[in-house]
Amino acid sequence: MQFMRMFSTDKVKGTKGYLNSQKKYEIIRTVLYFGISLSLFAAGYIQTGRRGNLLGIVAVLGCLPASKSAVGAIMFLRFQSCSAQAGAAIEAHTQGLHCLYDMVFTSEKKNFVISHLTVCGNTICGFSENEKFDENAFYKHIDHILKLDGHKNATVKIFTSLSKYTERLEQIKNLGEEENVTPLILDTLKSVAL
């Protein structure tokens with residue numbers, strides 16, 4: 001595990017560029033895991049001249065974490081981080097706000113990619129670069145999660161228009177913030193995102 005920390009990312013969930021950074025990490029980890037399994041299999045075959053040996057069994061068992069890592073890599077390959085253009089426009093309006101970048105929420109039927117989220121008290125506001133973002137399905141999904149975690153009065157609005165979103169960010173700056181609610185909602189959102 002210490003060896004993998006050398007390849008770990010400095011990006012944490014909710015920071016700008018997280019998805020792209022995590023994508024690279026997952027790919028490197030997957031290649032490394034499969035490489036270890038393949039080298040163990042080759043070493044066993046070279047040593048004994050047969051496929052059925054102890055190192056071959058260890059190599060096959062090593063394919064389990066490698067396959068799990070491959071699934072993670074495939075999941076992250078499907079999504080993009082917030083574009084540089086949108087990120088620059090949003091950053092000009094977020095001073096003093098609690099923000100999350102690159103959030104992907106998965107449900108049984110859909111994945112919801114949100115480039116940027118802002119939380120101020122019970123108000124959650126976000127921007128998705130996907131023009132076909134299914135707001136109603138997302139509201140039902142996230143409302144259910146927030147209620148399960150005890151946040152019953154949260155309001156959620158996701159914008160697909162960058163100009164309308166930056167306008168809303170300026171309005172949010174003027175809202176009174178409940179200091180004890182915002183971190184709890186941020187923690188809930190981070191815990192259920194990819």
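Start with the cysteines: the sulfur of C82 has its closest cysteine sulfur in C99, 11 Å away, which is too far for a bond. For scale, a pair has to be within 2.5 Å to count as a disulfide. The tally for the structure is zero disulfides. Keep in mind that this is a predicted model.

Are C82 and C125 buried or exposed? C82 counts as buried because its relative accessibility is 10%, and C125 counts as buried at 1%. The cut-off behind both calls is under 20% relative accessible area. Here are the two side by side:

| Cysteine | Closest cysteine sulfur and distance | Relative accessibility |
|---|---|---|
| C82 | C99, 11 Å | 10% |

Another residue worth a look is D102. Its phi is near 50 degrees, a positive value in a residue that isn't glycine. Where does D102 lie? D102 is found in strand β1, which covers residues 98-106. D102 is also buried, with a relative accessible area of 1%.

Now zoom out to the fold. Seven helices and four strands make up the secondary structure of the protein chain. Reading from the N terminus, the order is α-α-α-α-β-β-β-α-β-α-α. How spread out is the protein chain? Its radius of gyration is 21 Å, well over the 16 Å that the globule rule gives for 194 residues, so the chain is more spread out than a compact globule. Along the principal axes, the C-alpha atoms fill a box of roughly 75 × 35 × 30 Å.

Then there's the packing. Of the 194 residues in the protein chain, 38% are buried. If you take the contacts between residues at least 6 apart in sequence, 68% of them join residues at least 24 apart.

Terms used
Residues are numbered from 1 along each chain as its sequence is written. This is a predicted model: local features need pLDDT of at least 70, side-chain atom pairs count only at pLDDT 80 or more; totals for chains, interfaces and linings use all residues. Side-chain values use heavy atoms; hydrogens and water are left out. Helices (H or I, at least four residues) and strands (E, at least two) are DSSP runs, numbered from the N terminus. The radius of gyration is taken over C-alpha atoms; the globule rule is 2.2 Å times the number of residues to the power 0.38. Buried means under 20% relative accessible area, exposed over 50%, partly exposed in between (1.4 Å probe, protein chains only). Contact means heavy atoms within 4.5 Å.
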